Amino acid sequence: MAFDRNKAKDIENRYEEIMSSLADPAVLADPSRYTDLSKQLAQVEPAANKIREEATHQRELMEAHELLTHAEDEAMRELAREEIRMLETELEVIEAELADLLTERDPNDEKSVIVEIRAGAGGEEAALFVSDLYKMYTAYAISKGWSTEFIDANETEIGGYRELVFSVEGSGAFSRFKFESGVHRVQRVPVTESGGRVHTSTVTVAVLPEVSEVEVNINPNELRIDTFRASGAGGQHINRTDSAIRITHLPTGLVVTCQDERSQYKNKAKAMTVLQSRLLEMEKEAQHGKIAQERKSQVGTGDRSERIRTYNYHQGRVTDHRIGLTLYRLSEVLAGDLDEFITALSVADRTDSMMHGEADE
């Protein structure tokens, strides 16, 4: 796989600059500067090491070709041919790894996430599938060693959710969950009906990187904060106090609620985290001048024709339409076994990034 040699050269130069700076007595005497450069070194060192490894293999390959050209007997020529075959195979692997290392990462990849799941077309059946996806995502998060926190929900009478918001706390959560944004379609016989006819319903998922107060500035005077008694969504306890929180951001009209904790303070903190993430997402969309298009690309309208993935219960099939991958392991996927889909989507995303990078050169 080809990699950007100009970018590789820039990485090499930057690596040498950092190493030189770290040896400077003035930098050694400045803990803040030294720490900053050490972090930068950690970011570029893997690629710099791989670049040197690729250069060494290229040099050895050139020497093997020279040996093949100038060898005086067949035994030496065959030895050179075998060396060339081995080095070319190893170079393919090294170049693929280097191309991956040189692909620009999403700066949000290491962040925790806020996941919003909403029922689309299909009424109660869609609301029930919101619950199914919530269970799937929490199981997946646990399998990765991440923790989840329920934030808010609008529960239906039969145990589904019209909408549900929760967070996933853990380094790298966004790098995996970001591929879940979009419309998820379910095809199954509804539990709410006695007949055997298969219905199609949709659920929308939006994944936002969790942000801090430093990344988005909110004027307290532009907030209206209301308290109320929790309605029981989430069902973890009977709330006898007005601890639930509703925050309205007056300039945008955004409304965030949190009613999971007994503590009014904790609910307010959770709600502010969600509000900050939503506001930063809106700001980014506005900067790119495509608020409507970006929102539609992520969650669509919830119409049955729009989907990123289909869950077909009758066939035990899950199909991701973005990459054309179908797995006949529905029960395992719904139990949180999402890695095959997410890894394939991650590879496709990196490949697409590299192709666009080459096209822009």
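So, the largest nonpolar core has 37 residues, and those with the most contacts inside it are V115, I117, L133, Y137, V168, F177 and Y311. By nonpolar core I mean a set of buried Ala, Val, Leu, Ile, Met, Phe, Trp, Tyr and Cys residues joined through side-chain atoms within 4.5 Å. Helix α5, residues 123-143, gives the most to this core, with 8 residues. Helices here are DSSP runs of H or I with at least four residues, numbered from the N terminus. There's also a second, separate core of 16 residues, with F3, A8, V27 and L41 among them. In soluble globular proteins, nonpolar side chains tend to be buried together.

Quick word on the source: this is a predicted model, where local features need pLDDT of at least 70 and side-chain atom pairs count only at pLDDT 80 or more, while totals for chains, interfaces and linings use all residues. Residues are numbered from 1 along each chain as its sequence is written, and side-chain values use heavy atoms, with hydrogens and water left out.

What is I117 in contact with, if we leave aside its neighbours within four places in sequence? The list includes V130, L133, Y134 and Y137, and also R162, E163 and L164. Contact means heavy atoms within 4.5 Å.

Now L345, over in helix α10, residues 339-360. Is L345 buried or exposed? It counts as buried because its relative accessibility is 5%, and the cut-offs are under 20% relative accessible area for buried, over 50% for exposed and partly exposed in between, with a 1.4 Å probe and protein chains only. Not counting residues up to four places away in sequence, L345 touches F179, R309, D320, R322 and I323. And look at E180: E180 and L345 are 165 residues apart along the chain, yet their C-alpha atoms are separated by 9.8 Å.

Last stop, K50, which sits in helix α3, residues 31-70. This lysine is buried too, since its relative accessible area is 15%. Which side chain does the side chain of K50 make a polar contact with? That's E97, at 2.7 Å. A polar contact is a pair of N or O atoms within 3.5 Å; within protein, one must be able to donate a hydrogen and the other to accept it, and residues adjacent in sequence count only if both atoms are side-chain atoms. Beyond its neighbours within four places in sequence, K50 is in contact with I94, E97, L98 and L101.

Technical notes: Helix = DSSP H or I, 4+ residues; strand = E, 2+ residues; numbered from the N terminus.
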